[in-house]
Amino acid sequence: MIRLNVFFKVKAGVTTAQVKALTDELVELSRKDEGNKGYDLFESTTQPGVFLFCESWADKACLTRHARSEHFTRIVPELEKLTDGGLSIEQFER
């Protein structure tokens, strides 16, 4: 099992609605990817503009397929344009 915690902070002036316009589709489609065990987005209640994707994958092969999927390669670059510093990824395995 692989767990990813993906943090990002949006640029000043970017709204939650702008973020959700991209992330809602990414979450919905990623949950359908083979080997996905969980894919959720959270918004910080203590740090405005900070978001967290919590993802769980059955194995590395499933995660690799997800990273090459049409929805990932289309949406993530658009999401990164809204961030202040890009995405910060922490990966855990058990």
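Tutor: Of the 94 residues of the protein, 39% count as buried, where buried means under 20% relative accessible area with a 1.4 Å probe and protein chains only. This is a predicted model, in which local features need pLDDT of at least 70, side-chain atom pairs count only at pLDDT 80 or more, and totals for chains, interfaces and linings use all residues. Residues are numbered from 1 along each chain as its sequence is written, and side-chain values use heavy atoms, with hydrogens and water left out.

Along the sequence the pattern runs β-α-β-β-α-α-β, made up of 3 helices and 4 strands, which are DSSP runs numbered from the N terminus (helices are H or I with at least four residues, strands E with at least two).

The part to look at is helix 3, which takes in residues 70-80 and has His71, Ile75, Val76 and Leu79 as its buried residues. These residues sit on the same side of helix 3, because they cover an arc of only 100° around the axis, the arc being that of the directions from the helix axis to the C-beta atoms. In general, an α-helix has 3.6 residues a turn, so residues three or four places apart point the same way. The cover over the buried residues of helix 3 includes strand 1 (2-9) and helix 1 (16-30), together with strand 3 (50-57) and helix 2 (60-67), contact here meaning heavy atoms within 4.5 Å.

Definitions and conventions:
Buried means under 20% relative accessible area, exposed over 50%, partly exposed in between (1.4 Å probe, protein chains only).
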